[in-house]
Amino acid sequence: MGYIIGIDVGGSTTKIVGFDGSTMIHPLLVKASDQLASVYGAFGKFTDTNGISLSEIERVMITGVGSTFLSDKLYGVETE
């Protein structure tokens with residue numbers, strides 16, 4: 001089983017958290033006026049900070065007003 005990442009893309013702040021099984025990985029906040037830049041930046045910073053490779057991610061769940069700016073994949077990872 002891989003990591004499950006949750007991202008809430010708001011108007012000015014993107015919040016991201018991950019789970020490794022039932023263990024929560026410390027959440028991260030990124031502020032940006034561009035939602036698309038914010039989600040990609042938050043995702044990259046979160047994975048780099050926590051040493052998570054894309055191949056270790058099982059799925060990414062995205063919510064919030066900024067989620068409409070995303071296509072069906074984030075760095076090649078399927079999103080729901």
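1. A salt bridge here is a side-chain nitrogen of Lys or Arg within 4 Å of a carboxyl oxygen of Asp or Glu. Lys 15 and Asp 8 make one, with their closest N and O atoms 3.4 Å apart. Side chains of opposite charge can pair when their charged atoms come close.

2. A word on the source. This is a predicted model: local features need pLDDT of at least 70, side-chain atom pairs count only at pLDDT 80 or more, and totals for chains, interfaces and linings use all residues. Residues are numbered from 1 along each chain as its sequence is written, and side-chain values use heavy atoms, with hydrogens and water left out.

3. The fold. Helices (H or I, at least four residues) and strands (E, at least two) are DSSP runs, numbered from the N terminus. Their order from the N terminus is β-β-β-α-β-β-β. The radius of gyration of the protein chain is 11 Å, close to the 12 Å from the globule rule for 80 residues, so the chain is as compact as a globular protein of that length. That radius is taken over C-alpha atoms, and the rule is 2.2 Å times the number of residues to the power 0.38. The C-alpha trace spans about 30 × 25 × 20 Å along its principal axes.

4. Of the 80 residues in the protein chain, 38% are buried. Buried means under 20% relative accessible area, exposed over 50%, and partly exposed in between (1.4 Å probe, protein chains only). A contact means heavy atoms within 4.5 Å. Among contacts with a separation of 6 or more, 46% join residues 24 or more positions apart.

5. The salt bridges. The structure holds two. In the pair described above, Lys 15 is partly exposed at 34% relative accessibility. Asp 8 is partly exposed too, at 27%. The other pair is Glu 78 with Lys 73, at 3.5 Å from N to O. Glu 78 is partly exposed, with a relative accessible area of 44%. Lys 73 is also partly exposed, at 35%.

6. Ile 7. This residue sits in strand β1 (residues 3-9). Ile 7 is buried, with a relative accessible area of 3%. Beyond its neighbours within four places in sequence, Ile 7 contacts residues including Lys 15, Val 39, Phe 43, Ile 62 and Leu 74. Ile 7 and Ser 67 are 60 residues apart in sequence, with their C-alpha atoms 8.8 Å apart in space.
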